[in-house]
Amino acid sequence: MSVSRAIRHAKAILTGFKYLLAGPRLTIMYPDEVQELPEGYRGMIEYDWDSCIKCSLCAMVCPADAMKMYVSREESEREGKVVKRPGINYTRCIFCGFCVDICPTDSLKFTKVHDVAYYTYEEQIYPPVEFRKGVPKPLYFREPRRVRAVLDERRGMRYEPADGS
């Protein structure tokens, strides 16, 4: 190893120690603390069953093939024709927002929910009936402290309590 390379490694290690020991930390202590998310945040998608006109544009525009149209048996039997409704596969969704943007009736909307854990792969796939129930709400053992990210001239970014305390 050359001397200049060893110096660069030493500088990198010192930089790591500097940020390790300097406060405030950039990491929030989830789930005891949660970050308040800005307006327009792209979390999980909410589906309004009643306003959907079943046009399939959301499925057609999805670049990740996460949005898919499913046959609705009940509606198909009732209307005497094949009726399809959208469902979503969160293992594929890249949260690009194309489906939300193209929906002519605003039946799809982003929520701020993003921190949901699943036990199985299949739980992340929402056929229309499950999709209409809404996004799962994160469960906390106790109410988390809300923090927001603010710019800091010295650190670049830091978190402060969202309620101002």
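Predicted model: local features only at pLDDT ≥ 70, side-chain atom pairs only at ≥ 80, totals over all residues.
Visitor: Where should I begin with the nonpolar core, and which residues have the most contacts inside it?

Guide: The general idea is that in soluble globular proteins nonpolar side chains tend to be buried together. In this model the largest nonpolar core has 22 residues, and those with the most contacts inside it are Ile45, Met67, Ile88, Tyr90, Cys99, Leu108 and Phe131. Two or more residues of this core come from each of the elements β2 (45-47), α2 (57-61), β3 (67-71) and α4 (98-102).

Visitor: If I pick Ile88 from that list, which residues is it in contact with, leaving aside neighbours within four places in sequence?

Guide: Ile88 is in contact with Ile45, Ala66, Met67, Cys93, Gln124, Ile125, Tyr126 and Phe131. One of these, Tyr126, is also the bridge partner of Ile88 in β6, which brings us to the sheet.

Visitor: How do I read the sheet, and in what order do its strands come?

Guide: Three strands form an open sheet in the order β3-β4-β6, with antiparallel pairing. Because β3 and β6 (125-126) stand at the edges with a single partner strand each, one side of each is left without a neighbour in the sheet. The pairing of β4 (residues 84-89) with β6 runs over two bridges.

Visitor: What describes a pair of aromatic rings, and how many such pairs are counted here?

Guide: A pair is described by the distance of the centres and the angle of the planes. The count for this model comes to six aromatic pairs. Tyr90 and Phe95 are stacked, with 6.0 Å from centre to centre and 20 degrees between the planes. For Tyr118 and Tyr126 the centres are 6.5 Å apart and the planes stand at 80 degrees, so this pair is edge-to-face. Ring pairs link Tyr90, Phe95, Tyr118 and Tyr126 into a cluster.

Visitor: Which charged residue has its end over the ring of Trp49?

Guide: The charged end of Arg132 sits over that ring, 4.2 Å from its centre. Arg85 also lies over the face of Trp49, at 3.9 Å from the ring centre.

Visitor: How many salt bridges are there, and which parts of the chain does the pair of Arg142 and Asp32 tie together?

Guide: The count comes to nine salt bridges, among them that of Arg142 with Asp32, at 3.1 Å from N to O. Arg142 lies in the loop between α5 (128-131) and β7 (145-150), whereas Asp32 lies in the loop between α1 (3-21) and β1 (33-35), so the pair ties together parts that are 110 residues apart in sequence. Arg142 is exposed, with a relative accessible area of 59%, while Asp32 is partly exposed at 39%.

Methods:
Residues numbered from 1 in each chain as written. Heavy atoms only, no water. Core = buried A, V, L, I, M, F, W, Y, C linked by side-chain atoms within 4.5 Å. Buried < 20%, exposed > 50% of the residue type's maximum accessible area, 1.4 Å probe, protein only. Helix = DSSP H or I, 4+ residues; strand = E, 2+ residues; numbered from the N terminus. Contact = heavy atoms within 4.5 Å. Pairing = 2+ DSSP bridges. Phe/Tyr/Trp six-rings, centres within 6.5 Å; stacked < 30°, edge-to-face > 60°. Lys NZ or Arg CZ within 6 Å of the ring centre and 35° of its normal. Salt bridge = Lys/Arg side-chain N within 4 Å of Asp/Glu carboxyl O.
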